[in-house]
Amino acid sequence: MNPTILLNASVLDPRAGTLLPDRSVVIRDGSIEEVTDTRVRAKDAVTIDLRGRTLMPGLIDSHVHATQASADFAELRSWSPYYSAARVSQVLRGMLLRGFTTVRDMGGADHGVARAVEEGLFDGPRVLFGGPIIAPTGGHGLTRICDGETELRRAIREQMALGAHHVKLTLSGGIISTMRVDSLGYSEQEIRAAVDEASLARRYVAGHAYTAEAVNRALRCGVRTIEHGNLIDESSVELFRQHEAFYVPTLATYFALTQQGAGHALSDESRRKLHDVIDAGLHALELADRAGLEIGYGTDLHGALHDRQLTEFSLRAQVQKPADILRAATVTGAEIAGMTGHIGEIVPGAFADLLVVDGNPLEDIALLTEPERRLLLIMRNGAVVKNIL
Ligand code: ZN
Ligand code: ZN
C-alpha cells in the first residue's frame with residue numbers, strides 16, 4: 001500500500017502535554033513509520049497538508065459497554081442476536097466518530113464484536129473485551145453469576161480461552177442494582193483466587209467498586225483497575241500507589257442519568273444513590289489527581305446515553321487540567337490496555353489511530369466535545385474514517 005504523509009502537523013505529545021509544531025508524519029501499512037521535523041517527500045505517497053492543525057492520537061475509553069445498545073436489560077435479552085449485532089455496530093460507529101479508536105469493554109462485548117471490527121465488517125474502535133461481568137449471587141447488571149473459588153476459576157478460564165483481555169468482577173453494589181452501594185460482593189479469598197487465575201493467563205482483574213472499603217480490599221487482593229471508585233479516600237490513594245493500580249472514574253454516566261427524563265425509569269432508591277455518588281465522584285477524582293495516581297478515562301454509558309461519551313472531558317475539567325485529562329484518554333489508557341507504544345501516542349511503530357483537531361485541546365479541552373465540527377480527520381489503523389479538512 002502507498003504511504004500517507006501528513007505534512008505541517010502540530011503533533012500533540014500527551015506525555016509532555018505539549019504540541020510539537022511543523023512535523024511530518026509518515027504512515028505505512030496502518031502504522032506510523034516516522035515522525036520528523038524535516039519535510040518528507042515520497043513520490044508514491046498520498047500527501048495531506050494539515051496547515052498547522054493539531055494532530056493527536058485517537059482517544060481511548062477505558063470503560064464502555066458497547067453491546068448495551070439499550071439501557072433496558074430485559075429488552076436487550078429479548079433481542080435476536082442478529083438485531084443486537086446491528087445495534088452494536090451503530091454504537092461502535094458513534095464511538096469512532098467521536099474520536100475513540102480503542103475502547104476497553106467492561107461487560108458484554110465478546111470475541112465476535114472485536115473480530116467484526118478487526119475484519120472491517122463494523123466501523124468502530126478496536127474493542128478490548130472481557131466477556132460477561134462476573135458477579136456473586138445477588139450481584140448487579142447483566143452478569144455471569146459465580147460463587148466460590150472453583151466457579152470463579154472456571155469462568156475465568158473459559159473467558160480467557162475465548163481471548164478476553166481482562167475479567168471484570170463486581171466487588172460492591174451499584175447504582176442500578178439491588179445491592180447496597182456499600183455492600184461487599186466477594187470474600188477476599190474469592191477475589192484473590194480470581195486475581196491468581198487471571199495472572200496465570202497473563203491477564204488481570206478489573207473491579208467494580210464504589211466505597212473506600214471495597215476499593216481498598218480489592219487493591220490489597222491485587223485487582224489492577226478500579227472502576228467507578230467514587231467514594232475512595234486518602235487510605236485508598238496510598239494503596240493505589242503501593243500496588244501500582246489504575247483508577248478509572250466514570251462520571252459521564254451519573255450526570256447523563258440525572259439529566260435523563262423519560263425512557264430510563266430509575267427507582268427513587270437508584271436516584272438517591274446517584275446523587276450521593278456524583279458529588280463524591282468529583283471529589284475523589286480531585287484527590288486522585290492531586291496525588292498523581294494513574295487515572296484512566298471511562299464513561300460507562302448505556303443505550304441512548306452513549307452520545308454523552310465526550311461529556312467526561314468537561315466534567316473532569318472542573319477539577320483537572322486539560323493535559324491531565326488528555327493523558328488519561330491516551331497514554332494511560334494504553335498502559336491499562338497493555339498496549340503502550342502501540343496506541344495513545346504518535347510514535348514510530350504505533351497504529352495510525354489519529355485525529356486532526358481544529359484548535360488546541362491542551363488549551364481548550366471542550367473542543368473535543370464537538371466532534372462534528374472540530375474533528376476534521378479521523379483515521380484508524382491508517383484508514384480514513386472521516387475527512388472534512
Ligand atoms: Zn460497574
Ligand atoms: Zn460499567
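Arg 28 sits partly exposed, with a relative accessible area of 33%; partly exposed here covers the range between buried (under 20% relative accessible area) and exposed (over 50%), using a 1.4 Å probe and protein chains only. Before going on, a word on the model: it is predicted, so local features need pLDDT of at least 70 and side-chain atom pairs count only at pLDDT 80 or more, while totals for chains, interfaces and linings use all residues. Residues are numbered from 1 along each chain as its sequence is written, chains are lettered from A and ligands numbered from 1 in the order in which they are written, and side-chain values use heavy atoms, with hydrogens and water left out.

Back to Arg 28: its side chain meets that of Glu 33 in a salt bridge, 2.8 Å from N to O. The term means a side-chain nitrogen of Lys or Arg within 4 Å of a carboxyl oxygen of Asp or Glu. Glu 33 is partly exposed too, at 40% relative accessible area. Side chains of opposite charge can pair when their charged atoms come close.

Altogether the structure holds 23 salt bridges. Take Arg 93 and Asp 123, whose closest N and O atoms are 2.7 Å apart. Arg 93 belongs to helix 2 (residues 81-97) and Asp 123 to the loop between helix 3 (111-118) and strand 8 (126-128), so this pair ties together parts that are 30 residues apart in sequence. Helices (H or I, at least four residues) and strands (E, at least two) are DSSP runs, numbered from the N terminus. Arg 93 is partly exposed at 36%, and Asp 123 is partly exposed at 40%.

Now for a buried pair: Glu 197 and Arg 153 are both buried, and their side chains form a salt bridge at 2.8 Å, N to O. Because Glu 197 lies in helix 5 (residues 188-200) and Arg 153 in helix 4 (residues 148-161), the bridge links parts 44 residues apart in sequence. Elsewhere, salt bridges join up into a network of Arg 53, Asp 358, Glu 370, Arg 373 and Arg 374.

Leaving out residues up to four places away in sequence, Asp 300 touches His 63, His 65, His 228, Thr 250 and Thr 253, where contact means heavy atoms within 4.5 Å.
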